[in-house]
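Hi,

Here is the structure we discussed. Please have a look before reading on; my notes follow below it.

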Amino acid sequence: MSSTAFEQLKAQVSAIEQSSLAEKDDAVFSTGSDALDRILPATVTSAGALLEVLPESYQQRSAATGATLALGARLLEAKTGPLVWCQLRDPERLHLHAPGLAAFGIDPERIIRLTVKSEQDLLWAMEEALDCAYLSGVVGVLGQEKLYDFTASRRLSLRARSSGVSALMLRSHRANGTTTADMRWMVGAGESSKMPERKAFLPRLGGAIWQLDLIKCRGANGGSFQIGWNRETLSFDLASRLAGGTSLPELPAREDKRYIG
Amino acid sequence: MADITPDVPFSLITSAQGGIRVVAMSQAAREAGVQKNQLLPNAKSLCPALRVFEYDPAGDEAELKELTLWAIRYSPWVAANPPDGIMMDISGCAHLLGGEENMVRDIRTRLNAFGFSAAICIADTIGAAWADSRFGSNSAEIIDGTDALKRLPTAALRIEADTVEQLKKVGLKTIGTIINKPRAPLAARYGKTLTDRLDQLTGKKPESLNPIKEPPEYLVQESFVEPVLLLDQITISLENLAVTMTKKLEDEGLGARRFCLSLYRMDGDVRNIEVRTSCLSHNADHITRLMGEKLDRLSENYDTGFGIELITLGAYFTEVTNHAQISLDGKKDSGSLRDFQALIDRYVNRLGFENVGKFIPRESHIPERSEELIPISAEEKNPKDWPTFLKDLQGGTHLGRPILLLPRPEPITAIAEVPDGPPVRFEWRRLKYRIIRAEGPERLAPEWWQPADIAREPTRDYFRVEDTDGGRFWLFRRGLYEQEENPKWFMHGFFA
């Protein structure tokens, strides 16, 4: 096959892939970072995508939750409706802390938290939510995956496409098998960015840095990046830009203790 | 009791004054001479074949309640009349079954099929129906006026046995002898209850019954010629009922907040399925969908048995609605708030209202008490302003709050700098962590106005730490090294 014919074929395929999104060309959410947006094709960042986030290991769950919340914050920015957060009922499970969400840059008032008994209910709740175009997005937190497979993800994808509501799936680090997700992130925590040194026993913490592996991305190659989250501008930052430290608030020189009560 | 047939004499017994006495008996036993309140040995001597069973008042009451609920199929105003009666207000209901005679026949046939024998009476007042069903001849089922009641004993007036005795002493044995007497002397001698009961019998004094289940404001029903065995068929009928119902509501400009679907099984079992909506609804699709989800769940552990013969759909809490707002260009806008409310309704009905929550801030600095998850339908008084709340919560510090919190703080073993330094190593859930960065402490103490047990909790010094893998944790030390023997360390939250 000649190279021109091959090019033509490629163009055709991409045209087919894009066609379903053509009518919603205005509804594209961005990551807030130009550098990252250039890497991610429009197919995955368009409204109505299914995105998956996996922690690198069991200990990295909070980093993966953070990345999911960051994506959720971008979705909330793009629309006015609330975000539905579905999680399984488990007394031992970590739960969202509303003041923490506020500190992260998300208005807790716009979160609707569902507690479901089973994975079946969770998938049902997500499907229902994806039919409601009023919502900004839907997040599902999976535990042990028994039902979430290709068919289940296909159902979610199709509904998301038709309503333009994006779905985020926070999966376990053991997740495997094929799904129809438009993009899959593997997230691990990285050492936080450098802070001005001070004479103390231990140095201070900087902004969160996540090691992001793009292990699946429709219409683009995978890659590996270090990204940070800026809670002031609600945008992702590639670590290289963050290294300048411009986006971090100035810290008071001295620790001031607070006594309450 | 399976081998009991109508021709076997049997009775119910209970321990009473003077020994074991008969409480109730079957027709065959009655014919053999067994009477109520008879001592069991006497009864046995009259009828050697008599079989006896323990009287179970609680079981009777439960059974009566079940039957009363079943009777709602004939009229929404039904009340149990313990120990052995059911009262129904059938005003405007009889024509649905083709007249009062047909209604009595229908009730009798069905009760007999369940194995009950019943005395049924339709009358103008509650008192008259009560009297005739218990003391009248069974042939007269529908009575008009009070003439038929005149020859009944005075006990048919629902009065105390003492009063009956007193009346008997002066020769007043039937209702007819006192019904036209002046009321004042009767009341003076026998109490006001007697005259009240007389007036209730004739209808001079109103009396109403207290329905067992709140009657719906609107009700539509469909009865099946052939009992339905599959719930799928019920779903189809439900759609029709919902359409009829919503049309009715819409015509009157109403919407309802609660709907109840009742399935009447052949054997008298009644199953109610209730759905609530967050806003006034007269949308048939919405109701069908909410009900359909509940029906699906029901199908997992519900046996239709010999089939369902009747379904009813009732609407409760109706109110005048404003008509659906249509935008100026004539299109109903998609992705509207209305869709969202419908979604929330489906969640609430399937998952339970307590599982569909929203966050509200609470006045406390202790992390686990600073937020609350409340049902989404709950009204809150103060509009919340999270950024201000967070600022207030954190005060001058910049340590932030974690995105994830453990349901309750978990103890960890930690090595820390004394007196108030951050830990350098700790072990949590059998994994070891080494700290390379730390910030803190942020001191949080319970508010003095809290109840004593909370207010006396030791203060907490929170630290934000990062381990060698980049994991970021929120730890605290409970108590102070200067004040207590051994302050303990806890894991409480996780940063992104």
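Helix α5 of chain B (residues 126-135) is largely enclosed by the rest of the structure, because 8 of its 10 residues are buried. Buried means under 20% relative accessible area, with a 1.4 Å probe and protein chains only. The buried residues are B:Ile126, B:Gly127, B:Ala128, B:Ala129, B:Trp130, B:Ala131, B:Asp132 and B:Ser133. They pack against β4 (77-81), β5 (85-89) and α9 (192-202) of chain B. Helices are DSSP runs of H or I with at least four residues, strands are E runs of at least two, and both are numbered from the N terminus.

A word on the source. This is a predicted model: local features need pLDDT of at least 70, side-chain atom pairs count only at pLDDT 80 or more, and totals for chains, interfaces and linings use all residues. Residues are numbered from 1 along each chain as its sequence is written, chains are lettered from A and ligands numbered from 1 in the order written, and side-chain values use heavy atoms, without hydrogens and water.

Next, a helix pair. The axes of α11 (residues 284-298) and α12 (residues 337-351) of chain B come within 10 Å and cross at roughly 20°. Axes are lines fitted to C-alpha atoms, for helices over the stretch in contact (heavy atoms within 4.5 Å); angles run from 0 to 180 degrees between N-to-C directions. The two helices are therefore roughly parallel (angles under 35 degrees).

Finally, chain A. It has 8 helices and 10 strands. Buried residues make up 54% of its 261 residues. Among its contacts between residues at least 6 apart in sequence, 73% join residues at least 24 apart.

Best wishes

Methods: Parallel < 35°, antiparallel > 145°, perpendicular 65-115°, else oblique. Buried < 20%, exposed > 50% of the residue type's maximum accessible area, 1.4 Å probe, protein only.
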